[in-house]
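Biologist: I am new to this structure. Please walk me through its helices and rings.

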Amino acid sequence: MSLVVSAGGHSFCLPVAKGFSFSKPKGYKLGPKAALVEARPKVNGSPVALQVIGGDRAEDLQAEAKAMARAANASVYSPELLTRKYGSRPVQVVKRTLDILIALGTFALKLLVDERNGTVDQNKRKRAAELRNIFTRLGPTFVKLGQGLSTRPDLCPPEYLEELAQLQDSLPTFPDADAFSCIETELGMPLDSIFSSISSSPMAAASLGQVYKAQLKYSGQTVAVKVQRPGIEEAIGLDFYLIRGLGFFINKYVDFITSDVVALIDEFARRVYQELNYVQEGQNARKFKMLYADKEDIFVPDIYWNYTSGKVLTMEWVDGVKLNEQAAIERQGLKVLDLVTTGIQCSLRQLLEYGYFHADPHPGNLLATPEGKLAFIDFGMMSETPEEARFAIIGHVVHMVNRDYEAMARDYYDLKFLSTDVDVSPIVPALRDFFDDALSYTVSELNFKTLVDGLGNVLYQYPFNVPAYYALILRSLTVLEGLALYADPNFKVLAASYPYFAKRLLTDPNPYLRDALIELLFKDGRFRHME
C-alpha cells in the first residue's frame, strides 16, 4: 500500500512505513485495491489531498516516480551557463553566426532579384522549397520558426504554407540504430524485452526527436515511442546564445520595440528546454487530460511510465488525420470547421478557466480521429495564465465591446502590461482611434489577427511590457484561426469565441465576472442598447 500526496496539481507516491495507521468508517473493510484518507490543509495556497491507495493507481505513480529518477539529469535552460560555455568558444560562435547570415542573406538576395526581374510569382514554389531546406539545414530552432509560419496563410502565400508544413513531420531522420540504442540505454532494458514489434524506420521526424510505432510486449498495446535527437542540446544551446545576444542589441538600440525581447527569448528557450525532458512532457499530458478530456470531443493519449525517461516517451498510439488535411478529413465524413471550433472552445477553457494551456497547436499536434474527436498529441510546450490575468482578459473583452477605452487602459495594470506608476490617460485616444474603426464591424466580421496587429501598433507607442504568457496566448489563438482559414477564408475566431464569453459571463459566480456582466448590460443604471 502507498501514500499519495497531491498538492498544486502534482502527486507524490510514498511507501507506507510500518506502524502507519488511519481511521475508517465503522464497519468499513479495506479491499485489496485501495483505501482513502483525506485532509484539507493548504500548501502554498493549494489544498492537499492524502490518499492511501493500492493496486493499479499506486503502481502507475510508482512507475512515474521511477521515470522521474531516470530523467534526474535532464538539462534546464540557464542563460548564465550558456554564456560561460559559448563565451569561451569564439570560433564556434563565429562559424554558426556566419552559417545563419549566409543562408538567410542568400535567400533574401534571391527574393530581391525576383522582385527586380518581375519573377516573384513565377519563382514562388521554388523559393518556398529553398526556404524549407534552409530552415531544415539550420536546425531545430529554425524548424520551430518554420512550423509557426506554416499555419499562417495571412502571412505566407499558399506555396510557402505547403512547403513549410512539411517541417512538421518530414524532417531528416537520424539512424535507427542510434534511436534503438538510446531506448535501451535510457530504459535499461533490451529492446526485445520491451516491444514485441517496433517499426524499422520512424513514422515521423519532428524538430526535437522522431517517432516509432511499436507494440508493447506485456500487453499488446500499440504505442508511439518518441526518441530524442542525438546532440540536440548542443545545437539549440548555441542558437539561443546567439539569439539572446541579438535580443540585448534590440533592447538597447531598437526604440520602437518596447517589450523586453530578452525576457521573451528566455521564456521561449525555457519552454524548448522543457520539451527536451520527455518525463515533463508526460506529466504535462497527464495534467492536460485530467483538466480537458472530460469533454467527449477531446482525446488525450495515455502515458506508459515504465517505458519513459528524459529522452524516451512512450504513449498511446492515436490514429488520426492532421487538421490541415481537409480532403482526408472530409473523406471520413467530418468537417474541419467543426474540429477547429472544438479546438477554439477547448483553447478558451485552457486560457480562461484553468489557465493551463497548450502553447504549440500546429497541425502536426492536432489530429482528427475517425470518431470525430480532436486529439492533442504533443505536450512539450505548455504555459500557464495567472488567475488574475484570466479574469482581466475577460473584463478587457467586455470593455472593448462597450468601447470603454478608459477601463481598457486601466486593464493593462491588471494584465501587468504597465507598472502602476505609468499614466494611462495618453493611451486612451490611441485605443479609441483604432477600436472605433475596428468595432464598426460586427463580431462575425472581426479578424483576430487584425485586432492583434492593431493593438500591437498601440503597444509599440507606449512603455508596455507584454508578459511572455500573453504572447503565447496570442500565438495559440492565431494558429487556430490560421488552421481554420485553410477550410474557410472567411472564418473568424472571434465569432467562434463569442458564445464561450457569453456563457461564462452568464454562469460564472466569480464577483469580478459578475461585475463584468453588469458592465456589459448596464451603463449609469440604465440598460444598454445592444446592437
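Modeller: Helices are DSSP runs of H or I with at least four residues, numbered from the N terminus. The model is predicted.

Biologist: With that in hand, in which loop is the place of Arg403?
Modeller: Phi of Arg403 is near 55°, a positive value in a residue other than glycine. Arg403 is partly exposed, at 38% relative accessibility. Its place is in the loop between H14 and H15.

Biologist: How do H14 and H15 run relative to each other, roughly parallel or roughly antiparallel?
Modeller: Helix H14 covers residues 387–401 and helix H15 residues 405–414. They pack at an angle of about 170°, with their axes 9 Å apart. Angles over 145 degrees count as roughly antiparallel. Therefore H14 is, relative to H15, roughly antiparallel.

Biologist: How do the residues of that contact divide into nonpolar, polar and charged?
Modeller: H14 brings Ala392, Gly395, His396, His399 and Met400. H15 brings Ala407, Met408, Asp411, Tyr412 and Asp414. The contact of H14 with H15 divides into 5 nonpolar, 3 polar and 2 charged.

Biologist: Which loop holds Lys416?
Modeller: Phi of Lys416 is near 65°, again a positive value in a residue other than glycine. Lys416 is exposed, with a relative accessible area of 53%. Lys416 lies in the loop between H15 and H16.

Biologist: Now the rings. Is the pair of Tyr292 and Tyr354 stacked or edge-to-face?
Modeller: The count of aromatic pairs comes to 15. In this pair the ring centres of Tyr292 and Tyr354 are 5.6 Å apart. Planes over 60 degrees apart count as edge-to-face. The planes of Tyr292 and Tyr354 are at 70°, so the pair is edge-to-face.

Biologist: How many residues apart in sequence are the parts that this pair ties together?
Modeller: Tyr292 is buried, with a relative accessible area of 0%, while Tyr354 is partly exposed at 40%. Tyr292 lies in helix H11 (residues 278–292) and Tyr354 in helix H13 (residues 336–354). So the parts tied together are apart in sequence by 62 residues.

Biologist: And Tyr405 with Phe435: stacked or edge-to-face?
Modeller: Tyr405 is in helix H15 and Phe435 in helix H16 (residues 427–438), 30 residues apart. Both are buried. Their ring centres are 6.5 Å apart and their planes at 25°, so the pair is stacked.

Biologist: Last one: how far apart are the end C-alpha atoms of H10?
Modeller: Helix H10 has 15 residues, 261–275. At 1.5 Å a residue, H10 should span 21 Å. The distance between its end C-alpha atoms agrees: 21 Å.

Terms used: Residues numbered from 1 in each chain as written. Predicted model: local features only at pLDDT ≥ 70, side-chain atom pairs only at ≥ 80, totals over all residues. Heavy atoms only, no water. Axes fitted to C-alpha atoms, helices over the stretch in contact; angles between N-to-C directions. Helix = DSSP H or I, 4+ residues; strand = E, 2+ residues; numbered from the N terminus. Parallel < 35°, antiparallel > 145°, perpendicular 65-115°, else oblique. Contact = heavy atoms within 4.5 Å. Nonpolar A, V, L, I, M, F, W, Y, C, P; charged D, E, K, R; others polar. Expected span 1.5 Å × (residues − 1). Phe/Tyr/Trp six-rings, centres within 6.5 Å; stacked < 30°, edge-to-face > 60°. Buried < 20%, exposed > 50% of the residue type's maximum accessible area, 1.4 Å probe, protein only.
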